[in-house]
Amino acid sequence: MTKIKGRKTFAGGTNKSRVGYFIRRILAFGIDYLIVNRMCVLLTAIVYGFMNHGEVVILNDLSGVSVVQCFIILLTILLFSLFYFVYVPCRVWKGQTLMQHVLQLKVVDDADNDIEVITMIKRFLIGCLLLEGTFYYFTSVLKNVLVLKFLYSNPAMMDWILSGPIVVISVYSLISSLMDKKQSRMLHDRLFHTKVIDIYDGTGTAL
């Protein structure tokens with residue numbers, strides 16, 4: 001184990017501690033995802049309504065939305081995702097989203113130092129959204145726009161072509177994290193030399 005700011009930390013740990021680490025890591029991402037997903041749906045409704053009737057409109061899909069409006073919606077979703085997954089961990093809680101803060105997990109570099117902003121941006125944009133987009137709302141909307149607006153000649157096949165590699169990479173990344181006994185790093189962590197560590201302080205009952 002290593003020491004960081006006086007707390008006991010680990011990325012791997014014993015079997016018992018590693019199970020608790022993974023449970024909290026999955027919970028943190030799952031709840032973060034739900035927060036971002038719901039906020040993006042709301043923002044999409046507000047932005048679309050503002051561009052059209054001035055009312056909040058919940059969209060089932062973007063098939064009836066113009067290309068320009070689709071890209072404005074995509075930009076809105078991307079900016080909020082960057083705010084939540086990059087700005088908050090860089091400026092609010094160092095290395096932590098809201099749920100990582102609650103569940104005492106932290107993203108650091110290989111030397112257990114705080115991550116620089118540019119590294120966090122590249123880690124999220126390239127690693128998370130582009131390579132492991134199965135786990136992120138923005139990527140699913142982007143794929144939907146590409147299929148509906150530009151690859152509509154055979155939507156089913158185009159959706160499979162776009163989704164297939166992302167699903168394979170995402171599954172590989174998850175499996176590699178489970179097999180990494182020392183640092184439990186996913187693909188985006190390997191690419192940008194980061195890791196998610198457990199900073200549980202020992203008070204209360206940990207998973």
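Guide: The buried residues of α4 pack against α2 (67-92), β3 (105-109), α5 (137-149), α7 (187-192) and β4 (194-198). Contact means heavy atoms within 4.5 Å. Helices (H or I, at least four residues) and strands (E, at least two) are DSSP runs, numbered from the N terminus.

Visitor: Which residues of α4 are buried?

Guide: Thr-119, Met-120, Arg-123, Phe-124, Gly-127, Cys-128 and Leu-129. Buried means under 20% relative accessible area, exposed over 50%, partly exposed in between (1.4 Å probe, protein chains only).

Visitor: What is this model, and how is it numbered?

Guide: It is a predicted model: local features need pLDDT of at least 70, side-chain atom pairs count only at pLDDT 80 or more, and totals for chains, interfaces and linings use all residues. Residues are numbered from 1 along each chain as its sequence is written, and side-chain values use heavy atoms, with hydrogens and water left out.

Visitor: What span should α4 have, and how far apart are its end C-alpha atoms?

Guide: Helix α4 (residues 117-131) has 15 residues, so at 1.5 Å a residue it should span 21 Å. The expected span is 1.5 Å times one less than the number of residues. The end C-alpha atoms of α4 are 20 Å apart, which agrees.

Visitor: New topic. Is Ile-175 buried or partly exposed?

Guide: Partly exposed, because its relative accessibility is 42%. Ile-175 is found in helix α6 (residues 155-179).

Visitor: And the whole chain: how many helices and strands?

Guide: Seven helices and four strands. From the N terminus on, they run β-β-α-α-α-β-α-α-α-α-β. Of the 207 residues in the protein chain, 44% are buried.
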